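Welcome, and please open the model in your viewer. We will go from one selection to the next, with a short note at each stop.

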Amino acid sequence: MVNLLLNENMKIYRRLRSWMFVIGLVLTVIGFLIAQQYSVKPFQIANADWTLNMQKQIDNDKQMLANMDRGADWKAHVTNRINVNQYHLDRHIPPTEDTMWGNVLQAADLIIVVTVLTVIIAGDSVAGEFTDGTIKLLLIRPVSRSKILLSKYISAMGFALLLLIVLFASAFLVSGIMHGFHDLGVPYVYASSDGAVHETNIIQHSICTYLFQAVQMVMVVTLAFMISVLTRSSSISIALSVGIMFAGTSIVGFLAQFNWAKYYLFENTDLTQYLAGSPNIPGMTMTFSIAVIIVYFIIFNVFSWTVFTKKDVTA
Amino acid sequence: MTAPILKINNLTKRIGNKLIIDRLNFEVPRGEIFGFLGPNGAGKTTTIRMMVGLMSITEGDILIDGESITYHFDKAIVKVGAIVENPEMYKYLSGYRNLIHFARMVPGVTKDRIDDVIRLVGLENRIHDKVRTYSLGMRQRLGVAQALLHRPSVLILDEPTNGLDPAGIRELRDYLYKLTREEGIAVIVSSHLLSEMELMCDRVAVIQQGKLVTVQTIKEFMSEGTHGSVVFDVDNPDMALQILTEDPSVQARLTEKGLECSLDKEQVAVANGRLIRGGVKVYEINRCSPTLEDKFLKITGGQSIG
């Protein structure tokens, strides 16, 4: 198995294309963060002290609470915001968005780029062997097809992990260079669902955010892998799984009105909905979503495995 | 004779309702070069794919050194080296890394062994270049190299002479000969170049529409039914034709090669005597043995060969 992993990794990392992806990702991070830096943010006066902005926001929120009523959820949400901001002011903790970590958290949105790049590698790792005919030399060795498929899956996930680390590291460095590294140890302040304000280690919070976002990536890559095994075509598997990801996530909001949609994969893949305390569909819980995700995960992999180990090779 | 290294029992492949391979039976002993002939679509490639486990077997079995390719795939396949159709390698890797790749998948292939095999196929100078830059002949050599890495007992080569120049073909032939005679491995080749098969193989099997037509030694295959035609090279063919056809049992006709007739050994001597007595100068008498090509076309009913 170790040798198979060495082989699959060799086929990924001894190929110029993979390194172009890594470089492309770094360039995307730089471009993204520069664009973020120069975009105008609401409630913010240029170069103003953050305490002024925050005080202004608190005043705003208090006024809103006094003049409007949009239900209990909304009330709790705004109250929490006031409490968190007050906490920042009282302990003199700058808001995360104003530190370098704000950009690192923003860059977590770029996991979608990591997903697309990994889908290309994963889709090609199975289908490419069929297109090039190398599968015939690969499968006539004293190694089971299951192990070959597993080694391909693991190394594709390994590449995804590498890209995640590159994304995090380059986001960290680029934001550090733009903001300075002085507020490195500032804690992250948040309100839990009972309304209490907590502070936590910002590094831990950032890594959690990345990992939560990576759940969807793992599912899309697994889907791409399955399509790749079923169709034996790199282009179809790449196009189809990226298409499904974009289309699938964009109808999440629309489907949320139907109760059955809670079994729909993409209603569940965004676990950050539970951090914010407002699930897409009422009644969904973190445990429920994880269970749904695991069921999909098993279905995808059983499909890939069955077809890959049983089907005749005619490439 | 020792037990056959490859044994095919009642091999059948059905895809849907279509019978692709119909109850093939043959054996290949150690040390033999075995040719596999058949027109396009006869089922050669399907049979080879079943031998190496790329396709499942509907009925029957394939035993390699006594191990079933279906039930003990690992034990059986470790004794097989193969190129199925074209020798497709990872183009973005060097030849050397391709060999490392395949060496890692079989236990016991050392670095020295890889170097030996590279020397054997004569790729020392280019082995660290990317396969993308290789000519078809070089890819073919690399294909042979990966098939030999783990010292297989059976070597299966699909169209091995494709893309090789005449010198390369000769070299491959000599090399295969050496492998079979010295190391006792069996080689199974399929080829559409029948003249190649004629020079290379000890025995041939012909299949057509999934059925085995014949398995014969190349000598039997070539000599069977050759009491056919004899060509006389003479100074006056017209007169010779007249003299010979005086005997109504003799079938003779003029062709571009000379005077051609169907005669057995004794009849040739008699006919020659009559020609000389009749004043015809006989320069040469040749028996034309049909080429494998002729034989093949006869057996398969003139279908195109693949």
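**First stop: a sheet in chain B**

Select Ile8(B): opposite this residue stands Ile62(B) in β4(B). Before moving on, note that this is a predicted model, where local features need pLDDT of at least 70, side-chain atom pairs count only at pLDDT 80 or more, and totals for chains, interfaces and linings use all residues. Residues are numbered from 1 along each chain as its sequence is written, chains are lettered from A and ligands numbered from 1 in the order in which they are written, and side-chain values use heavy atoms, with hydrogens and water left out.

Now colour β1(B) and strand β4 (residues 59–64) of chain B, which run antiparallel and are joined by five bridges. Strands here are DSSP runs of E with at least two residues, helices are runs of H or I with at least four, and both are numbered from the N terminus. Two strands pair if DSSP finds at least two bridges between them.

Zoom in on Ile15(B) to find Lys18(B) of β2(B) opposite.

**Second stop: Asn98(B)**

Is Asn98(B) buried or exposed? Asn98(B) counts as buried because its relative accessibility is 0%, where buried means under 20% relative accessible area, exposed over 50% and partly exposed in between (1.4 Å probe, protein chains only). You will find Asn98(B) in helix α3 (residues 95–103) of chain B. Leaving aside neighbours within four places in sequence, Asn98(B) is in contact (heavy atoms within 4.5 Å) with Met89(B), Tyr90(B), Leu93(B), Val131(B) and Leu142(B).

**Third stop: where the chains meet**

Show both chains: the contact takes 27 residues from chain A and 29 residues from chain B. In chain A, select Ile140(A), Arg141(A) and Pro142(A), which lose the most area to chain B, together 24% of what that side buries. Buried area is the accessible area (1.4 Å probe) that two parts lose on being put together, summed over both.

Finish at Lys136(A) and Glu88(B), whose side chains meet in a salt bridge (3.1 Å, N to O). A salt bridge needs a side-chain nitrogen of Lys or Arg within 4 Å of a carboxyl oxygen of Asp or Glu. Across this interface of chain A and chain B, the rule finds three salt bridges.
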